[in-house]
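Please look over the sequence and the structure first.

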Amino acid sequence: MPKEKIIVGLDVGTCNIRAAVAMAKDNAAPQILGVGKVVSLGLRKGVVVDIEETVKGIKEALRLAERISGYEIDRVFVSVGGSHISCKMSKGVIAVSRADGEISQEDKERAINAASAISLQPNREILHVLPRRFTVDNQDSIKDPVGMSGVRLETDALIVEGSMPFIKNLIKCVHDAGVDEAGLLLSPLADSRAVLTKRQKELGVLLLDLGGGTTGLAVFEEGDILHCQILPVGSMHITNDLAIGL
């Protein structure tokens with residue numbers, strides 16, 4: 001029998017707060033069971049400026065999603081946005097631990113951890129460490145090195161970081177709404193997993209998410225993420241410019 005689990009996503013945006021309840025099965029696309037959507041009044045350009053209003057919006061969106069899906073929500077995956085997000089490339093290098101030279105999952109994780117050992121500016125924290133490709137000895141462009149043989153393992157990774165105070169404010173709003181965060185996910189990265197195919201990522205594609213107060217983008221080529229960023233300009237700015245100009 002396929003395993004089933006309930007996953008809840010929470011998108012706290014500048015214009016709307018959305019919650020989605022889905023049932024995930026092994027090797028199958030998630031099935032949406034319920035959604036909740038309310039107007040957002042506590043954010044500007046993707047960051048929290050009014051905790052009380054944001055908490056109120058999160059509670060209402062979760063209540064609507066619970067009523068439609070029939071499931072009680074206690075943990076959510078939270079999307080993170082805002083122009084405070086930035087990314088940089090990093091490299092991690094380790095020696096393969098096993099005597100026979102076979103690369104294990106632990107070696108792979110150690111290489112990724114080595115890539116995350118970078119110096120950060122004050123009040124910054126790492127959101128994601130996204131391995132792009134691996135190199136085993138002199139063989140590069142390897143997607144998954146587990147099971148291969150070698151002495152030296154390297155990885156090129158994209159480090160996504162954000163402002164610690166802004167992220168903590170968002171997490172506080174989630175906690176004050178009565179739920180725990182199961183994880184944080186950069187919004188353009190979440191979008192790419194939802195709408196892009198493996199073939200599109202191989203050929204090269206730019207994902208553009210036009211939000212109300214921000215615009216998120218993610219660039220993929222040969223299946224790897226090359227860049228991601230959130231710009232402090234959204235569709236509300238276009239609407240306001242047209243209203244003033246006309």
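How many residues apart in helix α2 are R110 and D107? They are three residues apart in helix α2 (residues 105-115), which separates them by about one helical turn. The model is predicted, so local features need pLDDT of at least 70 and side-chain atom pairs count only at pLDDT 80 or more, whereas totals for chains, interfaces and linings use all residues. Residues are numbered from 1 along each chain as its sequence is written, and side-chain values use heavy atoms, with hydrogens and water left out.

**Overall build**

- The protein has six helices and 14 strands; helices (H or I, at least four residues) and strands (E, at least two) are DSSP runs, numbered from the N terminus.
- Its C-alpha trace spans about 65 × 50 × 35 Å along the principal axes.
- Of the 246 residues, 41% count as buried, where buried means under 20% relative accessible area, exposed means over 50%, and partly exposed lies in between (1.4 Å probe, protein chains only).
- Contacts are heavy atoms within 4.5 Å; among those between residues at least 6 apart in sequence, 60% join residues at least 24 apart.

**Strand pairing around β1**

- Strand β1 (residues 4-12) runs antiparallel to strand β2 (residues 16-25), and nine bridges join them; two strands pair if DSSP finds at least two bridges between them.
- A hairpin of three residues connects β1 to β2, and G9 stands opposite A20 in β2.
- β1 also runs parallel to strand β6 (residues 75-80), with three bridges between them.

**Salt bridges**

- The whole structure holds 15 salt bridges, each being a side-chain nitrogen of Lys or Arg within 4 Å of a carboxyl oxygen of Asp or Glu.
- R110 and D107 form one of them, with the closest N and O atoms 2.9 Å apart.
- R110 is partly exposed at 31% relative accessible area, whereas D107 is buried at 0%.
- D224 and K143 meet in a salt bridge at 2.8 Å, N to O.
- That pair links distant parts of the chain, 81 residues apart: D224 is in strand β14 (residues 224-231) and K143 is in the loop between β9 (139-142) and β10.
- D224 is buried, with a relative accessible area of 4%, and K143 is partly exposed at 46%.
- Salt bridges that share partners also join K91, R152, E154 and D156 into one network.
- E161 and K88 form a salt bridge through their side chains at 3.7 Å, N to O.
- This pair too links distant parts of the chain, with E161 in strand β10 (residues 152-163) and K88 in strand β7 (residues 86-95), 73 residues apart.
- E161 counts as buried at 5% relative accessibility, while K88 is partly exposed at 34%.

**Surface**

- The protein exposes about 13,500 Å², of which carbon and sulfur atoms supply 52%; accessible areas come from the Shrake-Rupley method with a 1.4 Å probe, and for residues only the protein chains shown count as cover.
- I32, V35 and I68 make a nonpolar surface patch of about 280 Å².
- Patches are made of residues with over 30% relative accessible area and no salt bridge, with like charges joined within 9 Å and nonpolar side chains (Val, Leu, Ile, Met, Phe, Trp, Tyr) within 5 Å.
- I68 is found in helix α1 (residues 51-69) and is exposed, with a relative accessible area of 51%.
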